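Work through the exercises below with the coordinates open, and try each task before reading its solution.

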Amino acid sequence: MNKVIPKHSFVGTRAVKLDAPDKATGRTRYINDLVLPRMLYAKIRRSERVHARILRVDTAKAKALPGVVAVITAADTPEIAIGVLKDNPPLKRDRVRTIRDEIAAVAAESEAICDEALRLIEVEYEDLPTVFDCTEALQPGAPVIHANRPDNIAMAHQFDHGDVAAAEAASDFVVEGAYNVHYVTHCNLGVSCCVADVDVEGRVTLYSQTQYPFIMKMDIAPSLGVHPGDLRVIQPPVGGAFGSKLDVYPYEPICVLLAQKTRRPVKLVFSREEEFVASPTRQPVEFRIRAGMKRDGTLTFRDVDTLLNNGGYTSWGATTPFVTMRTISSHYRVPHVRYRARAIYTNNPYAGSFRGYGNVQATWAVETHMDKMAEVAGLDPIAFRLKNANEPGDVTPQGARLANIDLKGCLRIAAEKSDFLRKWAAYRAGRAAPGRIKRGIGIAASLHNAGGAKIHKSDGCGTILKLDDYARATVITGGSEIGQGLDTVIAQLVADELGLALRDITVVMNDTATGPWDVGVHASRSTYIAGNSARRAARKARAMILDEAAKQANVGVAQLDLRAGFVVQADNGVAIVAIDKLLRQMHFAGEDAKLVMVTDYYEPPSENEDKNHVGDMSAAYSHAAHVAEIAVDTRTGEIKVETIWSVQDVGRIVNRNGIEGQIEGGIAMGLGYALSEELVIERGRVRNPSFRDYHVMTAPEMPKIDMTFLETGDAEGPAGAKGIAELPTIVIAPAVGNALYNATGVRIDHPPLAAEKVARAIWERAQRSTRAAP
Amino acid sequence: MSLEVEIAFTLNGRAVSAAVPATASALTVLRERFDLAGAKLVCGEGECGACTIIVDGLSRNSCLMPAVDLAGRTVRTVEGLWGERGLDPVQQAFVDTGAVQCGYCTAGMVMQIRHALDRNPAAGEAELRRAIEGNVCRCTGYAKVIEAALAAGQRMRGGGAP
């Protein structure tokens, strides 16, 4: 009697992250740990001025220092700029525009020698007039940051839908608001780092933290004078990324240029202070919102104007309006929309992409504003949001087809589980009662792409999959693992198709020489896109195995299944043949030999936006709603977030450990944004470049988190899954802000809700009400 | 070149010695002389805990500790917790609960929690949260780290897997 094997699925379980044992034992070597034979170290001499002409750079003394192998300046390098607008030369020739500007770089036998050499480089400057504020930079006569943009407008975007003027005329209420969201930065524990190695043919191997290895080749190659095809990008394990590595930044070409010059491998590592000053920030935005509604609370229009402080050069921060626009136009039913965004050059450091992209900023503004509108309409925060919530089947003004969403479910469940309405009414009534500690509860929700985002010609990912004679599968994916857990998700999806165990799957990734093309890790896309490609490849391999088994057993393919290393009868699980035995038979069959080796390239069914910003750019969308319950010390302004209820439409859970970790971690990052994190930039200089003065959430500060996953089962997603990683960071901050209002009657429109700011606002409100009293 | 000092100490159960620069940190020496790269240089000023090691039974920020102070001490690093009997209960719990994402803070977290549980295997959630107050994690939000710590404590007390 053959054994009977029940059906098993790894999808939906708590799978151990594939690299966790190595990471927990110190075996993993990260990029920052990498040492190559004969490797040199490199450091960058940065500007001491925020805006100045460079009159003279003298590197003679640095070059003469023993142990220094090369010193380069703009004079030694091709003047080819990088970045979204190609406005950022890796080494600056005659002008610096920000405090982080790169003037020279040193390669030497040790980091200590590099530091000494940097001190020996003499730079003479002539200061130029400065501008740090968007509105000032738009004034006639303001200092011009880049001569080819005399108006200081780096990028501008506009979206118009319907007739805002007519909608306003037909509105019963119009609510206005201004929200300035601040500078924060990624705080990756692994500082920025790369290692460049050039061979005798001039081909470059770049060990990089990049999140977009394939497109990076095209972006960086021109600044190096190499063909993109002669560039191999390897991504060793990294200490966090969170969007910070979605562009080429000057240190990367500088490192390669030094390797080209010295013909030795070169490693360039930032100091922690340098990481705070010279890595990208989240894009700060000044929002002005006008939004209308009918007497019953039905939204009529949104009219939003934003200014983005672009800093001295243009990275992905300037493109965050593409995502902000989606939230403005498509989060809740808004029949008439006008949105305008301008990214303004200043002498500040510049922003890149950061988990949640422009949606963290947009959701702060929209969800704070929605709370204000609910009060004007005389509705509670839940009822007002439900009244305007999108429904499955909605097509938004930007053409997003919200086929399979459950915003109302998110809102209702979050409200029920948190006992929202009862607490909300009680805490509001408690504002006037005596007592120093006030309690409050607030809600926020958002919409995000959950099936990739087609911002390039393709949003695809490729997979190569092979099985060996022992029924071990190797999956070579274009997708990248940067700590988020894609490795494990791919192994789970493949194991389920092939009837193998997780330990039978080797996932090979993070190397452009082996992996097929992929866009990169962004837009919550990897599970959906790379996962779908891996699953489709596994299905092709499965079909080959089942075809052979069906032929041998003389049965139909549909009567067979793969389980726990065996081909089994699908109806009763009775084992027929071990998969490895079958694979060997297929392999060692003389001229009929069949090796199971398959490929797949998955292109999601999404569209590029047209020139009017209309297009169904993601293959899926989803929502999350968060409720925050807080206690506020009205004297110190300290906010203690006690409990968060998180409800998110995740399509389907693939790795339960992974999805919970993403949501808990995303909430911690979002709470930092809400409460404590702010990169203080004064007159172009970063004032708090250390973990002492830039406070990220610590373990004792974290609230209890109650998570609910709505498994709506996306028809296109792998095993029904949707992308999930950004929403938790996006949604939480306005929920906290709305809770503060519920507790105290104080609105802070400009995060973070730091204790001093909150205490002052509470005190000022008390002064006003005292004065207003007869 | 700076002055070198010969030191001898016990590292993960073995007697070792090295000539170390008088100004070098314990972290630098462990990473560069002994090739133990688990502990990380993240902030270099004792604000993040990623370099945590256990010295004579006390958790220390190895980035702030002069290497010469290792002389005569008993030092444990994350590499030394994985022995013939398999993973340490703290390491095993980190793996099982999903407390590892990018993993850059993990070595420091594991050592800090091991230290806390050595002092009090019955440590509760609040005590464990305080124990890792100085360990920054940017990925996990600490929830699974605390879950792992509680599970490890239970296992160390003989309670088996929770």
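**Exercise 1.** Determine how many salt bridges and how many polar contacts link domain 1 of chain B and domain 2 of chain B.

*Solution.* Begin with the charged pairs: across the interface of domain 1 of chain B and domain 2 of chain B the rule finds zero salt bridges, a salt bridge being a side-chain nitrogen of Lys or Arg within 4 Å of a carboxyl oxygen of Asp or Glu. Then turn to polar contacts (pairs of N or O atoms within 3.5 Å, where within protein one must be able to donate a hydrogen and the other to accept it, and residues adjacent in sequence count only if both atoms are side-chain atoms); seven residue pairs, both at pLDDT 80 or more, are counted between these domains.

The model is predicted, so that local features need pLDDT of at least 70 and side-chain atom pairs count only at pLDDT 80 or more, while totals for chains, interfaces and linings use all residues. Residues are numbered from 1 along each chain as its sequence is written, chains are lettered from A and ligands numbered from 1 in the order in which they are written, and side-chain values use heavy atoms, with hydrogens and water left out.

**Exercise 2.** Describe the area buried between the two domains of chain B, and state which residues supply it.

*Solution.* Finally, B:Thr52, B:Ile54 and B:Val78 supply 37% of what domain 1 of chain B buries against domain 2 of chain B, more than any other three residues.

**Exercise 3.** Characterise the interface of chain A and chain B by its contacts, its buried area and its salt bridges.

*Solution.* Counting contacts (heavy atoms within 4.5 Å), one finds 46 residues of chain A against 37 residues of chain B. The area buried between the chains is about 3,600 Å², of which carbon and sulfur atoms give 58%, and A:Ala24, A:Thr25 and A:Leu189 supply 18% of the area that chain A buries against chain B, more than any other three residues. Seven salt bridges are counted between the chains; A:Asp33 forms a salt bridge with B:Arg31, the closest N and O atoms being 2.5 Å apart. To complete the picture, the rule finds 19 residue pairs in polar contact across this interface, both residues at pLDDT 80 or more.

Methods:
Buried area = accessible area lost by both parts, 1.4 Å probe.
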